[in-house]
Amino acid sequence: MAVVKLTPDRRLSPQPPGVAARDVVPVPAPAALSAADLASGSAPNASTLGGRLSTVIGGPRAKINAVVIDVADRRPLFEWRADRPATPASTTKLVTAAAALASVGPAHRITTQVVRGAGGEIVLVGGGDPTLTALPARPNTGNPPYASLRDLARQTATALKGTATERVRVDFDTSAYQGPTTAAGWKPNYLPDGEVAPVTALTVDEGRVAPSDPSKKTRVADPAVVAARQFARLLSQYGVGAKVGRRTVAPKGADRLGAVQSPPMSALVEQLLTDSDNDVAEAVARQVAMKLGRPVTFAGAAQAVQQVLARLGIAEGISVNDGSGLSPRNRISPIALARLVSLAAGQDRPELRSVITGLPVAGFSGTLGPPRYTGGTSRAGAGVVRAKTGTLAGVSTLAGLAHDQDGRLLAFAFMAGDGKGPVDPGKLDQLAASVATCGCA
């Protein structure tokens, strides 16, 4: 099969995109894909596909790196600076998700617990679950059932009443994480603007000041202290007077008074990809560090993620400094992203399936919901393209999957901008739509 490999000084003769009309339907989350599924339909003609995409890219001065590969055999069909690392923004989350699923596993859950202290106090011990919630249960939200701080307080109060304890001091343990609470390269406005909370092992409702109001993104300055206060108030509501004590480290082997667990890693991965959830992404990256025995810091998590990727054979072209992609210091090549997506879509690593089921559906869900894929140049990709978005100042990225019109499953990665000027995510949507609408066999 010929590979169209374009360089800035070589373009194919332009061909009209010729986007065909098709019925727009939501794409169901794929189950395990068989070899027949991956290779169904004829592989597209690389020259024809390349002509369509090069027309959209618009010439050698376009600040776009791009690749399309055949998922069945992982051979590139189109390359435009495909091996050149660029700022990935939130497509970094694909890397974080794959590393977590391949190391701790899809069934792994994060535990928050309460244990007895050494001097009569109790200790609220954070395990790194940012989805721990103090809100009442809310069915039909589209989210998995989160671990409940209320349930943890109820369990703890019941245990304390069993020993006739009427009042208690609540200390709190954040020692599961070490190091800074923000990553190198993060902009000062990320926390005040609510892009992410300070990264700590103990937090409730992602550290949001007003978690019941989704329009308010502001975060608290010290999530662990706020979590301890909320827990003490709940404990008092359940009949045990409580006041907040100090930050400490729980005694090893201490008696457990209560515990709650996060949704499984598979569900956390789907959430962090669909919604581009920065808090969950950073927590998931640190679970990888814990599993591999690395320091549970930004640097340790990045090293652990790289180690897992090396085991998977997909580390080339990937260098990360955080789990969320907020750091502009991250560098990933388009070919690395496309290979990762292809691996997750294939048969060899079924534990990575949530990387695919978590991808937003163009025009329907998550960060690819309207207004994206509603315009004339990209609308044909709605319901057909599944992809992870990425956005930072002067950067826009898109990496995912699409079946072309002949039924062939293709993986792509499009990365635009150098952080120094405006970018148009609509062009990336148009590129993905061009892949999906290509009857190029």
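1. E206 counts as buried, at 8% relative accessibility, where buried means under 20% relative accessible area, exposed means over 50% and partly exposed lies in between, with a 1.4 Å probe and protein chains only. Its side chain meets that of R208 in a salt bridge at 3.0 Å, N to O, a salt bridge being a side-chain nitrogen of Lys or Arg within 4 Å of a carboxyl oxygen of Asp or Glu. R208, at 25% relative accessibility, counts as partly exposed.

2. On provenance, this is a predicted model, in which local features need pLDDT of at least 70 and side-chain atom pairs count only at pLDDT 80 or more, while totals for chains, interfaces and linings use all residues. Residues are numbered from 1 along each chain as its sequence is written, and side-chain values use heavy atoms, with hydrogens and water left out.

3. The protein chain has eleven helices and 13 strands, these being DSSP runs numbered from the N terminus (helices H or I, at least four residues; strands E, at least two). Of its 441 residues, 55% count as buried. Among contacts (heavy atoms within 4.5 Å) between residues at least 6 apart in sequence, 72% join residues at least 24 apart.

4. The structure holds 14 salt bridges. One of them pairs D418 with K63, the closest N and O atoms being 3.0 Å apart, and this pair links distant parts of the chain, with D418 in the loop between β13 and α11 and K63 in the loop between α2 and β2, 355 residues apart. D418 is partly exposed, with a relative accessible area of 36%, whereas K63 counts as exposed at 52%.

5. A further salt bridge joins the side chains of K217 and E195 (3.5 Å, N to O); K217 and E195 lie in the loop between β6 and α5, so the pair ties together parts that are 22 residues apart in sequence. K217 is partly exposed at 38% relative accessibility, and E195 is partly exposed at 30%. Separately, E121, R169 and D171 are linked in a network of salt bridges.

6. R52, in helix α2 (residues 46-57), deserves a look: R52 is buried yet has no salt bridge, and the nearest side chain of opposite charge, D404, is 9.0 Å away (Lys and Arg count as positive, Asp and Glu as negative, and His and the chain ends are not counted). The R52 side chain does reach the backbone oxygen of S434 at 3.2 Å, and makes a polar contact with the side chain of T437 at 2.9 Å. A polar contact is a pair of N or O atoms within 3.5 Å; within protein, one must be able to donate a hydrogen and the other to accept it, and residues adjacent in sequence count only if both atoms are side-chain atoms.

7. Q113, in strand β4 (residues 111-116), makes a side-chain polar contact with the side chain of R256 (2.8 Å). Not counting residues up to four places away in sequence, Q113 touches V123, L124, V125, L152, R256, G258 and A259.

8. Of the 56 residues in the largest nonpolar core, L94, M265, V288, V355, I356 and L401 touch the most other members, and the largest share of this core, nine residues, comes from α9. A second, separate core of 31 residues includes L53, F78, L410 and A432. Such a core is a set of buried Ala, Val, Leu, Ile, Met, Phe, Trp, Tyr and Cys residues joined through side-chain atoms within 4.5 Å.
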